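Please open the structure in your viewer and keep the sequence at hand.

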Amino acid sequence: MIRAFAFVFAALMVLAGVGQAQAQERDSREILGGGPNFFGGGPSFFGGGSGPIPRTTVSFASGYAPGTIIINTAERRLYLVLANGQALRYGIGVGRDGFRWGGTHRISAKKEWPSWTPPSQMLARRPDLPRHMNGGIDNPLGARAMYLGSTLYRIHGSNEPETIGQAVSSGCFRMTNDDVTDLYGRVSVGTTVVVKN
């Protein structure tokens, strides 16, 4: 009887510790809109497989030149304008309330497996964040990043496909690693990016 009681007590203590660790992990990811795979461990080669919104070719009469990227934050979609009134449509995660923005910029840099240094504004909100993370599967910028002009914002990958289609970021546009790798290969530095809020 005593042995059974000790076993039940030990099991409850382990479960309580796991719950507390999960709560702390959720807190550290909250500022970046992170889900359960924020620091890696996603289901695919890129640490975040195909997301909930499949990439597809759609009819798209925009008036913009082929090669232009149009981001519609309300739809939570990114369009790469193609010829003949079509576009490639990707699902994206966008800025949460208070972090959405609009404007026109150009891609100023492209990086594979980028490192990440949280900006001072983010560190002011969350001083517990790392000051720098090298690129890799655990990095919140994912497999690829395209930097937007001189802003702090990027189109970047994510190891959390479950956040695609949601308003979760601090203003950046996140894609699955598979989708951002596809887009990265189709655009160049200087590509126009139009953000419609």
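**The whole chain**

This is a predicted model, in which local features need a pLDDT of at least 70 and side-chain atom pairs count only at pLDDT 80 or more, while totals for chains, interfaces and linings use all residues. Residues are numbered from 1 along each chain as its sequence is written, and side-chain values use heavy atoms, with hydrogens and water left out.

Colour the chain by pLDDT, the predictor's confidence in each residue, from 0 to 100. The chain averages 80, and 74% of the residues score at least 70. Next, select residues 3–49: the pLDDT of this stretch is below 50, although beyond near neighbours in sequence it has 78 contacts in the model. A contact here means heavy atoms within 4.5 Å. Where pLDDT is low, the predicted coordinates should not be read in detail.

Switch to a cartoon view. The chain has three helices and eleven strands, arranged along the sequence as α-β-β-β-β-β-β-α-β-β-β-β-α-β. Helices (H or I, at least four residues) and strands (E, at least two) are DSSP runs, numbered from the N terminus.

Among contacts between residues at least 6 apart in sequence, 66% join residues at least 24 apart. Show the surface: the chain exposes about 10000 Å², of which carbon and sulfur atoms supply 56%. Accessible areas come from the Shrake-Rupley method with a 1.4 Å probe; for residues, only the protein chains shown count as cover. Of the 197 residues, 44% count as buried. Buried means under 20% relative accessible area, exposed over 50%, and partly exposed in between (1.4 Å probe, protein chains only).

**The largest nonpolar core**

Select Ile69, Ile71, Leu78, Ile155, Phe173 and Leu183, which touch the most other members of the 21-residue largest nonpolar core. Such a core is a set of buried Ala, Val, Leu, Ile, Met, Phe, Trp, Tyr and Cys residues joined through side-chain atoms within 4.5 Å. Strands E2 (69–72), E3 (77–81), E4 (86–91), E7 (144–148) and E11 (192–196), together with helix H3 (177–186), each supply at least two residues of this core. Which element gives the most to this core? Helix H3 does, with three residues.

A second, separate core has eight residues, among them Trp116, Met122, Leu129 and Ala145.

Return to Ile155 and display its surroundings. Leaving out residues up to four places away in sequence, Ile155 touches partners including Ile69, Leu78, Met146, Phe173, Leu183 and Val193.

Now select helix H3. Its buried residues are Asn177, Asp179, Val180, Asp182, Leu183 and Tyr184, and they pack against E2, E3, E4, E6, E7 and E8.

**The aromatic rings**

Rings of Phe, Tyr and Trp (its six-membered ring) pair if their centres lie within 6.5 Å; planes under 30 degrees apart count as stacked, over 60 as edge-to-face and the rest as tilted. By this rule there are three aromatic pairs. Select Phe60 and Tyr79, a stacked pair at 4.5 Å centre to centre with 15 degrees between the planes. Phe60 lies in the loop between strand E1 (56–59) and E2, and Tyr79 in strand E3, so the pair ties together parts that are 19 residues apart in sequence. Both Phe60 and Tyr79 are buried.

Then select Trp101 and Phe173, a tilted pair at 5.6 Å centre to centre with 45 degrees between the planes. This pair links distant parts of the chain: Trp101 is in the loop between strand E5 (94–95) and strand E6 (103–112), whereas Phe173 is in strand E10, 72 residues apart. Phe173 is buried at 1% relative accessible area, and Trp101 is buried at 13%.

**Single residues**

Select Arg174 in strand E10 (residues 173–174). Is Arg174 buried or exposed? Arg174 is buried, with a relative accessible area of 4%. Its side chain makes a polar contact of 3.3 Å with that of Glu160 and one of 3.0 Å with that of Thr163. A polar contact is a pair of N or O atoms within 3.5 Å; within protein, one must be able to donate a hydrogen and the other to accept it, and residues adjacent in sequence count only if both atoms are side-chain atoms.

Finally, select Gly149, in the loop between E7 and strand E8 (154–156). Gly149 counts as partly exposed, at 29% relative accessibility. Gly149 and His105 are 44 residues apart in sequence and 5.5 Å apart in space, C-alpha to C-alpha.
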